[in-house]
2 protein chains.
Amino acid sequence: MFKEKVKDKNTKARTGIFSTRKGDLLTPAFFPVATQGTVKGLTSRQLSETGAQGFLANAYHLFLRPGIEVIRKMGGLHQFMGVDKPILTDSGGYQIFSLARLRKVEDRGVEFRSHLDGDKIFLTPEDVIDIQIGLDSDIFVPLDECIKNPVDHKKAAEATERTISWAKRTKDYFRQKDGLKSLLFGIIQGSTYKDLRKKCLEEILQLGVDGLCIGGLSVGEEPDLRYNTLSYFTDIADSSYLRYFMGYGKPEDIVEAVSLGVDLFDCVVPTRYARTGTAFTSQGEVVIRNSPYISDSAPIDSECSCYSCRKYSRAYIRHLINTGEMLGIQLLSYHNVFWYINLMKNIRKAIEDNNFLKFKKDFLENYKKNKSMS
Amino acid sequence: MFKEKVKDKNTKARTGIFSTRKGDLLTPAFFPVATQGTVKGLTSRQLSETGAQGFLANAYHLFLRPGIEVIRKMGGLHQFMGVDKPILTDSGGYQIFSLARLRKVEDRGVEFRSHLDGDKIFLTPEDVIDIQIGLDSDIFVPLDECIKNPVDHKKAAEATERTISWAKRTKDYFRQKDGLKSLLFGIIQGSTYKDLRKKCLEEILQLGVDGLCIGGLSVGEEPDLRYNTLSYFTDIADSSYLRYFMGYGKPEDIVEAVSLGVDLFDCVVPTRYARTGTAFTSQGEVVIRNSPYISDSAPIDSECSCYSCRKYSRAYIRHLINTGEMLGIQLLSYHNVFWYINLMKNIRKAIEDNNFLKFKKDFLENYKKNKSMS
C-alpha cells in the first residue's frame, strides 16, 4: 500500500505514495473533513479545485443522519456526495466518546445515546465495519476506546487492551467480507505511555493492517509530551506503513509532525476557522472580520492562487462576514482548504529537494509574523 | 436604450434588447438580487453560470454596510463583487419605507433611523444619486415615496406628486454630473388609481428617462386589481421604453406579467426560498426538506441542466438542508436562480416562436402539478 519515496536527511520527514482503489495519494497529505457528507461550504467541484487528494467522513454522523441505508441506496458515499476521491471513514469512536451521552463501554461494544435525539444505540466493532461497508468507504478504521488526558497507567492499559481486542475482531470480520477492495487501518492507542504504545503497535502489526492511525494524541496533553510520544512512535513503527495522525492539526503543528515522520493528517480547522472569519496565510492567521481590513484591496493571502484570492479582496470578504453573508464563509473555507493542501505540496517539494529543515524554519518564521504585528 | 424586437400577436408579451455600458440585455429578463453585494450563496463565477444577465443591488443596505466610501475606494461595486454584468441599483426608498424606523418624509427628502443601529439619517434625492455614483451602478433609480395598500386617493396623490417632484430634482442633478455613462430610470407610482398612474407616467416621460419602473404594485393589493393596474399602465406606456416591475415575483406571476407587457423583473424569491429548503421546478415548488425525498435519487428538476441538478440527488440536498449544512442552501440557491433565468429564456423563445400563449398555458398547467400531487 505505502511506499516511502524520499527520506529527509536532517529530520524524520519523508515523502511517499499510498495506493488506494481510487488512486494514489502523495504523502505527506492532508484530508479535509466532510463531517456530515460535505466539506462544509464546498461543492464537489470546489473541493476538487482545492487539490485535496481525499477526505475524511464521519461514520457516527452519517449513521445518525441520513442513515447508512439511505447512502447505500444512493450508491455509496462517493456517489451521494458527487466525488471520486479516496474516502477515509473514521469508526465513530471519537464522536461516541466526545459527543454522545451516557456511554457504557463493555467488551462486546459500546452503548451510547445519540447526541441528537437521545436514542439508545449499541455498536460492536463488527457493526462499525458494516457501517463503513454501507458507506462504501475506501479506507476503514476500526472501533477503538478513546481516552482523555490525563489518565493513569492502569486505565490507559485497560483501554489499550480493549482497542487491541476490538482490532482483532475487526480484522477477522473484515477478512470474512469477500471481495472488499477497501483498506483497513489499525489504531495505535496507549496515551502517553511508551510501553502501551509499543505493545499496541506490535499487536496491531501482527494482525496485518494497511496503515497505522495514531489515536489518543492531541487530547489535552502538553505539546512536549505529545511530540515526545509521537517521536517515540515513529521511531519504533515499521517505515513501510503509512502513519496517520488523526484529527490533527494547525499549520505549525503539521509542519512539526511531518518532521517527526507523520504521513497523513485530517482536521476540521480549515473550515471551522473559516466560519469564525479567520484565514490561514503565509504570514499566519488573519482575522478577516477585524476593522483593519475594511478597505484592504489585497487578497486574503497575496502568495495564494486560489479562486477566493484571485477574485476577491479582504475588504469584500470582511464585508460578507460582517453582514452575515454565507458567501464570506464559503470563500474563506475554499481558501483555507486550498491553502492547507498547498502547504502539503510545499512540504513534499521541500522534502524531495532535500530542503525541509530550511523550509520548516522559514515557514514558522513567516507564519509568526502576523502574530508579532498584531 | 430599448428596442422592441418581437411582439406577440395574442398577448402584450414582447421581446426586446436593452443596451447598457456593460452590454445588451435580452428581455424579458430577470435580475437576481444582491441585497448586500452578493446574490446570497453564489460566487461570481456561479452567478455567471446561471446565465443571469445582470442583477439588482440595494443602495440602502450597501450605504449602511460597508458604506459607499469603502466601495468607491475598492473601484466600485463591479470590482468589489468581482462581476462584470450590468448592475441596477435601487434608490433605497423601498427599504427606507419598509425596514427603517421613525421615518419623516418632507419635500426636501426623508429622515429615518437605520434598522441596524438606530442612527438618524437624512437622504435627499440628490444624495441617492451620489450613492449610486459611488457604487458605480449601470442603471440608477430615483428616490420615490413608497406607499402601502390600501391607501386613499388623496394620500396616494400626495405621494405621487412628491415622487414626481423628486424625479425632477433627480434628473436635474443626474444631468449635472458630467460624463456619466450610466442610465437613469423613472419610477411610476400612483397606487391602483389610474388617473395618478397616467399623470405620473406623463410627467416622468417629459423629464426624459431611460426606462420605466413600475413601483407600488404587489404591496398587498388583490391580484385582479394588480393586473388591472399593470395592464392599464402597459396600455398607455410608450412601447419604446423598457418596463421594469420592481421586486416581482413568483414564476407564475412573472409569466402573467410578461403577457401584460413587462420586460424586466427582480426578486429575492429564488434565494430566499432556497434558504427555507424550497426548489422551483417545472412541476412547481418542491419542499426538498420533506421526508418523501429522503431516498430520492432524482435531481431537483429532471428538466434542469444546472450544476446542482447534473451533480446531486434530491436525497443528498435534503440531507444537507436537514442537517443544517450550508451547502444545501448553496446548491438550492444556484438551482433556483439558474431555473428562473432559464424560465426567462424559454419565455423569450416562446414569444419569438409566436407560441407564447400555448407556452403560458402549458407552463402553468405543469407548474401546478406538484401542488395537486401533494
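Mentor: In this predicted model, the domain assignment divides chain A into domain 1 (2–267) and domain 2 (275–365). Taken over C-alpha atoms, the centres of domain 1 of chain A and domain 2 of chain A are separated by 27 Å. Their contact draws 27 residues from domain 1 of chain A and 22 residues from domain 2 of chain A. On the side of domain 1 of chain A that touches domain 2 of chain A, the elements giving two or more residues are β2 (14–20), β4 (29–34), α1 (44–49) and α10 (251–259) of chain A. The largest share of that side, 5 residues, is provided by α10(A). Sorted by class, the side of domain 1 of chain A that touches domain 2 of chain A holds 13 nonpolar, 8 polar and 6 charged residues.

A helix pair of chain A comes next. Helix α7 (residues 153–176) of chain A and helix α8 (residues 194–207) of chain A have axes that come within 10 Å and cross at roughly 5°. Angles under 35 degrees count as roughly parallel, and α7(A) and α8(A) are therefore roughly parallel to each other. From α7(A), the residues that meet α8(A) are Ala156(A), Ala157(A), Thr160(A), Thr163(A), Ile164(A), Ala167(A), Lys168(A) and Lys171(A). Their counterparts in α8(A) are Leu196(A), Lys199(A), Cys200(A), Glu203(A), Ile204(A) and Leu207(A). By class, this contact of α7(A) with α8(A) comprises 8 nonpolar, 2 polar and 4 charged residues.

The wider setting includes the second chain. Two copies of a chain are related by a rotation about an axis and a shift along it. Here, chain A is superposed on chain B by a rotation of 180° with 0.0 Å of shift along its axis, at an RMSD of 0.0 Å. That is the relation of a two-fold axis. Among the residues of chain A, Met326(A) comes closest to the rotation axis, its C-alpha lying at 3.9 Å.

The contact between the chains takes 32 residues from chain A and 32 residues from chain B. On the side of chain A that touches chain B, α3 (68–73), α4 (77–81), α13 (314–322) and α14 (326–352) of chain A each supply at least two residues. The largest share of that side, 5 residues, comes from α13(A). In terms of class, the side of chain A that touches chain B has 13 nonpolar, 14 polar and 5 charged residues. Because 100% of the interface residues of chain A are also interface residues in chain B, the copies meet through the same surface.

Two sheets of chain B complete the picture. One is an open sheet of 3 strands in the order β1-β2-β3 (chain B), with antiparallel pairing. Its edge strands, β1 (2–7) and β3 (23–27) of chain B, each pair on one side only. From one strand to the next, the twist averages 20°. Strand β2 (residues 14–20) of chain B is joined to β3(B) by 5 bridges, and the two run antiparallel. Gly16(B) stands opposite Thr27(B) in β3(B). Across β1, β2 and β3 of chain B lies helix α14 (residues 326–352) of chain B, which runs at about 120° to β2(B).

The other open sheet also has 3 strands, in the order β7-β8-β9 (chain B), and its pairing is antiparallel. At the edges stand β7 (101–106) and β9 (120–123) of chain B, each with a single partner strand, so one side of each is left without a neighbour in the sheet. Neighbouring strands of this sheet are turned against each other by 15° on average, direction ignored. Between β7(B) and strand β8 (residues 109–113) of chain B there are 4 bridges, and these strands run antiparallel. Arg101(B) stands opposite Arg113(B) in β8(B). The pairing of β8(B) with β9(B) likewise has the antiparallel sense and extends over 4 bridges. Here Phe112(B) stands opposite Ile121(B) in β9(B). The strands β8(B) and β9(B) form a hairpin with 6 residues between them, and Gly118(B) in the turn has a positive phi of about 80°.

How values were computed
Residues numbered from 1 in each chain as written. Chains lettered and ligands numbered in written order. Predicted model: local features only at pLDDT ≥ 70, side-chain atom pairs only at ≥ 80, totals over all residues. Least-squares fit on C-alpha atoms with pLDDT ≥ 70 in both. Contact = placed C-beta atoms within 7 Å. Nonpolar A, V, L, I, M, F, W, Y, C, P; charged D, E, K, R; others polar. Pairing = 2+ DSSP bridges. Axes fitted to C-alpha atoms, helices over the stretch in contact; angles between N-to-C directions. Domains from an automatic or database assignment. Parallel < 35°, antiparallel > 145°, perpendicular 65-115°, else oblique.
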